[in-house]
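Please look over the sequence and the 3D structure shown below.

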Amino acid sequence: MKLRLDRYLTEMGLGTRSEVKRTVGKGLVQINGIIIKRPEHKVDTESDKVLYQGNPVAYAKYEYYMLNKPGGIISATEDLKETTVIDLIKGRQRQDLFPVGRLDKDTEGLLLITNDGKLAHRLLSPKKHVDKTYYAEIDGEVTEEDVKAFAEGIDIGDEKMTLPAELVILQSGCGSEVELTIREGRFHQIKRMFHARGKEVAYLKRLRMGSLVLDEKLKTGEYRELTKKEIEELC
C-alpha cells in the first residue's frame, strides 16, 4: 500500500498533519537512506524504510490489544477529566484505536482495543449474537428459578425481552457467584437483568467475547497484543 508521507507519519502518531509537514520540510525524514522534504511523497508501506528524526518508523495498518480493564476507567477514546482505556495502551503505534464495545466504569475484564472497524462491527452487530461471558458477584441468593428466567428472557423495561441467556450458579447464598453468557449488549444489561429479579450486581468481570478469552496471565490494568491465531479466529 502506498501513502503520502505526511499521512504515514500522522497515522503512526508522530504529530498532526501540519506538525509532520514542518518536520519533513526541515529534512528530518529519510526514506531508504534519502532525505525527503516533500510531504506528498508516496511511501510504500510494505518495503520502504522510514526514519523520522533518526528513528525507524514501521507502519501498522491495524493493531489489536487485549486489555484486562480495571475498575474506575471509562471505555472511551478520550476524556478531559477521566482516564480512558486508550490511555492505558502505552505501546500503541496507531492513534485511531478504540474499544470494541463498552464496559461500565466499575466493570473489569476483557476489552478488545483496535482500529479495525470491520472486525468491531462483526463483533458488535446485533444480528451476529456474539456470546459474551461474565463472572459476577450478586447481592442476594441466585436460584434455579433465576436460571430458568434468564434462559427464557428477562423484561428489563425495553420494547423487547432480552435474548435467552445462560446463567450458571457457582455459589449460592446471601451473596452468590455466577457466570452469565449473553448475546446482546444493551445498556447496563446484566445489572438490569438481575435488578429485574430483585437482586443487585456487586462485582462484574468479562471473561470472554466470541472466541477471545481473557488471558489469565494479565493482571488488572495490563494488556498485550493479540496473537495471530486469536486475530484469525475473531475474523
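## Report on selected regions

Leaving aside its neighbours within four places in sequence, isoleucine 113 is in contact with Glu63, Tyr64, Tyr65, Leu67, Val85, Ile86, Ile89, Leu97, Phe98 and Pro99, where contact means heavy atoms within 4.5 Å. This is a predicted model, in which local features need pLDDT of at least 70 and side-chain atom pairs count only at pLDDT 80 or more, while totals for chains, interfaces and linings use all residues. Residues are numbered from 1 along each chain as its sequence is written, and side-chain values use heavy atoms, with hydrogens and water left out.

### The nonpolar core

Isoleucine 113 also belongs to the largest nonpolar core, which has 29 residues, and together with Phe150, Leu167, Leu180, Ile190 and Phe194 it is among those that touch the most other members. The elements giving two or more residues to this core are β7 (64-69), β9 (108-114), β10 (132-139), α4, β12, α5 and β13 (200-209). A nonpolar core is here a set of buried Ala, Val, Leu, Ile, Met, Phe, Trp, Tyr and Cys residues joined through side-chain atoms within 4.5 Å; buried means under 20% relative accessible area, exposed means over 50%, and partly exposed lies in between, with a 1.4 Å probe and protein chains only. Helices (H or I, at least four residues) and strands (E, at least two) are DSSP runs, numbered from the N terminus.

### Helix α4 and what covers it

In helix α4, residues 144-152, the buried residues are Asp146, Val147, Ala149 and Phe150. They lie on the same side of α4, because the arc that they cover around the axis is only 165 degrees, the arc being that of the directions from the helix axis to the C-beta atoms. An α-helix has 3.6 residues a turn, so residues three or four places apart point the same way. The exposed residues Glu144, Glu145 and Glu152 are carried on the face of α4 turned away from its buried side. Among the elements that cover the buried residues of α4 are β11 (166-171), β12 (175-182) and α5 (189-196).

### Strands β11 and β12

Two of these covering elements, β11 and β12, pair in the antiparallel sense over five bridges, and a hairpin of three residues joins them; two strands count as paired if DSSP finds at least two bridges between them. Valine 168 has glutamate 179 in β12 as its bridge partner.

Threonine 181 also lies in strand β12 and is buried, with a relative accessible area of 9%. Its side chain is joined to that of threonine 133 by a polar contact of 2.9 Å. A polar contact is a pair of N or O atoms within 3.5 Å; within protein, one must be able to donate a hydrogen and the other to accept it, and residues adjacent in sequence count only if both atoms are side-chain atoms. Leaving aside neighbours within four places in sequence, threonine 181 is in contact with residues including Asp131, Lys132, Ala165, Glu166 and Arg208.

### Aromatic pairs

| Pair | Centre to centre | Angle of planes | Class |
|---|---|---|---|
| Tyrosine 65 and tyrosine 223 | 5.7 Å | 80 degrees | edge-to-face |
| Tyrosine 135 and tyrosine 203 | 6.1 Å | 65 degrees | edge-to-face |

Rings of Phe, Tyr and Trp (its six-membered ring) pair if their centres lie within 6.5 Å, and planes under 30 degrees apart count as stacked, over 60 as edge-to-face and the rest as tilted.

Tyrosine 65 in strand β7 and tyrosine 223 in strand β15 (residues 223-225) are 158 residues apart, and their pair links distant parts of the chain. Tyrosine 65 is buried at 3% relative accessible area, whereas tyrosine 223 counts as partly exposed at 26%. Tyrosine 135 lies in strand β10 and tyrosine 203 in strand β13, so their pair ties together parts that are 68 residues apart in sequence. Tyrosine 135 is buried at 17%, and tyrosine 203 is partly exposed at 23%.

### Glutamate 137

Strand β10 also holds glutamate 137, which is partly exposed at 31% relative accessibility. A polar contact of 2.9 Å joins its side chain to that of tyrosine 135. The C-alpha atoms of glutamate 137 and glutamate 177 are separated by 4.6 Å, although these residues are 40 residues apart along the chain.
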